[in-house]
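Work through the exercises below with the structure open beside you. Try each task before reading its solution.

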Amino acid sequence: MSAMLEVKNIHCAYDGVPVIHGISLEVEEGELVAIIGANGAGKSTTMRTIAGLMHPVSGTISFMGEDISNMGASKTIKLGVSYVPEGRRLFSKLTVKENLELGAFATKDRKVINERLEEMYDLFSILKNRKDQIAETLSGGEQQMCAIARGLMSKPKLLLLDELSLGLQPSLVERVFEAVAEINKRGVTILLVEQMVQEALEIAKRGYVVQTGRIVHSGTSKELLCSEEVRKAYMGM
Amino acid sequence: MDNFVQVLIDGILSGLLYALVAAGLSLMWGVMDVINFAHGEFLMVAMYLCYWIGEILGIDPLFSWIAGGIFLFFVGALTYKLIIKNSLGKAAMAPLLATFGLSMLLKNFCMNRFTPNFRLLSGTIMEGKTFQFAGAIVSVPQLVTAIFSLVVLLGVYWLIKKTRVGWAIQATAMDKEAAELMGIDTENIYLLVFGIGGACVGVAGGLMTTYLAVHPEVGSLFSLIAFVVVALGGFGSIPGALFAALLIGLVESFTGFYVAAVVKYVAVFAIYLVVILIRPKGLFGW
């Protein structure tokens, strides 16, 4: 039995400039895995490539046995891979509810969509109060919750979360991470990318450390948290 | 006073028609950042279509405008597929110049096939019908055109604001990549937007055939006005297009009557310049 997500030795480039030099990783069904590393290490590029927004120059990505390396983002989401992009990227002039509805764009069944909306309002109660508000008028934390909820509206098997903590105050980061742990508990496999290493590893089961386009460490969260090198490089200890 | 009401009514009626012509252009511009220079020629094609349907099949433009809308939906979608798609992402001016070429082609094709003569359908149902209202004379074909224009415009507005497809169109306009992450096929959205844009101008052209003559140059003035309306109203904003079109219609009719007919477009373009200098996004820009 192979893993749910298998990334094998991918190389990626922007306009011919290589930024990822052979990254391999695996995510098993039900896991919560973190990719950590400094700004510019290639974490987001890895996520964008898995989501299908860009294609690897070489290497393969397979999801549940299917090769998705060259599939576009609008197709991978139909297989069950949902990506919550860095910077949230909400549809700023649409309401919260409209944003969420678009998250379930592939679903035509009204009843199913309404059920999922209720589920999201249950998970993030603040969104229910804000449902008719224009997305750009939400606070940063609310926007992040809206983005996660939008990503969940397609009922994904694998949720890719990119830099959730960016621009959020510490108390909100904690709340958002609690929600992520809760989503994982409800059965969604999660791969997340974070600069806030300590917080990410506290909720993740395993982690990969990325440095200048390569994976330099991997292991269980406990191992990484105890590793002298990781602590020095990313936690300032 | 009678004159005032007359001029007011004339301005509103032409304004509503301008709004529908401009709405299609505004949508293409707002969603895709593409300036369709063949927009006026789309109008001309619809007018010729409904003219010939009237002449050959004897079907009144009161009904054949539907054919105009449907036909131009496909013309719009095909224009995207064959011309715009290949020129997007190339040199910055490529789509603009490509549509300019299309406009030349269509105009000269009609010039060659149908001669530069003005052609007006005769014996249409509403021909020459007028009625008195508050001392003013209202032309029935113009009134019906204006009402249908408003209805179609409201329909498109409803589609964009209240349906899932409409949200997908707006999402694509705001953030194409994020829209793709939602599973929205943005290529199809672009095709649809060009189709809807074509259909709007197609309906307008069809309706106009009831009281306006068609000739190969008919699109030029209308597209120029449409550009002004879109820039004034704000790219992609349908309420903006409606408001700006009414403003243009009124300015045109008031200056035409109270100043002189020859300066009415001077006033129209002067207003355009002033607004653009003060508010480059237009009055209702995104």
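Predicted model: local features only at pLDDT ≥ 70, side-chain atom pairs only at ≥ 80, totals over all residues.

**Exercise 1. Describe the secondary structure of chain B.**

Solution. Start with the count: chain B holds 11 helices and two strands. Next, read along the sequence. The order is α-α-α-α-β-β-α-α-α-α-α-α-α.

**Exercise 2. Judge how compact chain B is for its length.**

Solution. Take the radius of gyration, 19 Å. Then take the globule rule for 286 residues, which also gives 19 Å. The two values are close, so chain B is as compact as a globular protein of that length. Turn to burial: 51% of the 286 residues count as buried. Finish with the contacts between residues at least 6 apart in sequence. Of these, 77% join residues at least 24 apart.

**Exercise 3. Follow helix 3 of chain B and find where it bends.**

Solution. Helix 3 spans residues 61-87. Go to Tyr80(B): the helix bends there by about 40°. Then move past the end of helix 3 to Gly89(B). Its phi is positive, near 80°.

**Exercise 4. Work out what each chain brings to the contact.**

Solution. Count the residues: 21 come from chain A and 16 from chain B. On the chain A side, helix 2 (73-79) and helix 3 (96-103) each supply at least two residues.

Notes: Residues numbered from 1 in each chain as written. Chains lettered and ligands numbered in written order. Contact = placed C-beta atoms within 7 Å. Helix = DSSP H or I, 4+ residues; strand = E, 2+ residues; numbered from the N terminus. Rg over C-alpha atoms; globule rule 2.2 N^0.38 Å. Buried ≥ 20, exposed ≤ 12 C-beta atoms within 10 Å, placed from the backbone. Bend = angle between axes of the 7 residues up to and from the residue.
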